[in-house]
Amino acid sequence: NVNFFKIPIIILILGISCVIIAKEQNQEKQFIEAKELFKQQKYADAYESFYVLFLNNLQDPNINFYLGQSSFYIGNYDEAISAYERILFVNDNAVRVKLELARTYIASGSFLKAKDILDELNVLQLPENVQANIDRYFELIEEKETKNSFKAIFIASIGYDDNVKNTSFATLNNAINGPAASVVKSSLHQELLVLNHSYEKDKKVSFKNDFIILGKSFSKDPSSNMRFIQYSPSMHMVHNNTLSVNYAFLYNNIWMDSKLLLKNFAFEPRVTYIYTPQATFNLSAKLQNKMFVNSSTNPDIKKRDTYSGALQLEGSYLYSKLLKSSMQLRYVNEIRKKADVSITNVTNQLIDVIAYSEYKMTDKLSLLLKGAYQYREYSDENRKDNEYKATLNTTYALDKSYLLQGVYERTKHDSNDVNMEYDKSTFMLNLITLF
């Protein structure tokens, strides 16, 4: 009887063993075929094959190594870095992998990270050919590295706004606190140019100069046309691998209907703490001086000049290379410079919460969902506003330099003052050019 019951168990064990052996043999065959594609310099095909193998064996060092190599040769540096880091997480002494990681950092322009790895290898007693590669990479960095770098982004947009006159209370129309206006629907076009200059003093300190130029024009309501120019210098200080501090100043001008309306000065320090490779926290403060420009059509507008202070906490978490989420909490206290009971809706306190998630559907297509809630209470009048906003953003990479983006935004603005209530929807189609 005992032997009778053992027979099925033995057969089951043999069957499972055969399946495991067959699976291993099939994976070994796939690995050989993928490696042959790599040797033939068919890197895109090799990448696809190694990626399939990787999904079945996430920690295999050979698969990760060739996945990293294939990713490198097709220009997917982020994935190559991730593959090499998975190997080093298990075996921190893999010199060849560290050398490949340094080479990838060089190719992606992360020269400081590449130098850190090469400095670590340079103190070891290594074979002459390996040392020659290290020396060659140092020379390559010296050739490529520059303390000054320039970047630019240009965004050309067309869109539609079904309530032009009314905007978020965080933006311009409510900055001058006009009542909710009659509904004007209009198509629009918008141009945005962002210029960035960076100077890297050393591994710990760098400086930036950011310029923003924005123009927005409405076909049915030229009086709402807006122009915006901002300059922001900043200094970034790295204290260690997890903590850095950024000190930024900003100055901007805003024009409405070709007339200069508003000037802002602000100082904004920010602390960034990397809790884990996946979780990052930012804590920032902002002190701002808002100054309206005298106008013959609105002689009392200078009475709306204010000082404000803001405190903001933001946390983000990277679930995987495909999914990232973030949440932001902000408090703002804005007070008028001169007491004047004839002007209301100026001194106020604001709290807002913003949450978003970004999902990378493919290498080219990503989706972003964002929800926001804002509460503002005016101390010089019994007025309380609540605003709810939902945003859907889809971005498609045409290539490395051009992105196509569609943005839909729905806003609902409630208030105990019925004159300040409104709803609106906007849609924008953006062509983004990276320089």
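**Notes on the model**

1. The largest nonpolar core has 35 residues, of which Phe50, Val97, Leu99, Leu101 and Leu118 touch the most other members. A nonpolar core here is a set of buried Ala, Val, Leu, Ile, Met, Phe, Trp, Tyr and Cys residues joined through side-chain atoms within 4.5 Å, where buried means under 20% relative accessible area, exposed over 50% and partly exposed in between, with a 1.4 Å probe and protein chains only. Two or more residues of this core come from each of α1 (2–39), α2, α3, α4 (77–90), α5 (95–108), α6 (111–122) and α7 (128–144). A second, separate core of twelve residues includes Phe228, Ile254, Leu261 and Leu262.

2. The model is predicted, with local features requiring pLDDT of at least 70 and side-chain atom pairs counted only at pLDDT 80 or more, while totals for chains, interfaces and linings use all residues. Residues are numbered from 1 along each chain as its sequence is written, and side-chain values use heavy atoms, with hydrogens and water left out.

3. The protein chain contains eight helices and 14 strands, taken as DSSP runs (helices H or I, at least four residues; strands E, at least two) and numbered from the N terminus. Of its 435 residues, 36% count as buried. Leu101 is in contact (heavy atoms within 4.5 Å) with Ile81, Tyr84, Glu85, Leu88 and Ile117, leaving aside residues up to four places away in sequence.

4. A search of the whole structure gives 20 aromatic pairs, meaning rings of Phe, Tyr and Trp (its six-membered ring) with centres within 6.5 Å, called stacked if the planes are under 30 degrees apart, edge-to-face if over 60 and tilted for the rest. Tyr43 and Tyr73 make a stacked pair, at 4.4 Å centre to centre and with 15° between the planes. Because Tyr43 lies in helix α2 (residues 43–56) and Tyr73 in helix α3 (residues 61–73), this pair ties together parts that are 30 residues apart in sequence. Tyr43 counts as buried at 17% relative accessibility, whereas Tyr73, at 37%, counts as partly exposed.

5. For Tyr275 and Phe281, the ring centres are 6.4 Å apart and the planes at 70°, so this pair is edge-to-face. Tyr275 is exposed, with a relative accessible area of 55%, while Phe281 is partly exposed at 39%.

6. Ring pairs also link a cluster whose members include Phe31, Phe38, Tyr43, Phe50, Phe72 and Tyr73. Arg103 lies over the face of Phe72, at 4.2 Å from the ring centre, and the charged end of Lys337 sits over the ring of Tyr307, 4.8 Å from its centre. The criterion for such a charge is NZ of Lys or CZ of Arg within 6 Å of the ring centre and within 35 degrees of the ring normal.

7. Strands β5 (residues 243–256) and β6 (residues 259–274) run antiparallel and are joined by 14 bridges, where pairing requires that DSSP finds at least two bridges between two strands. Asn253 stands opposite Lys263 in β6. The two strands β5 and β6 form a hairpin with two residues between them, and Asp257 in the turn has a positive phi of about 55°.

8. Strand β6 also pairs in the antiparallel sense with strand β7 (residues 279–292), over eleven bridges. Ala266 stands opposite Gln288 in β7, and the hairpin that joins β6 to β7 passes through four residues.
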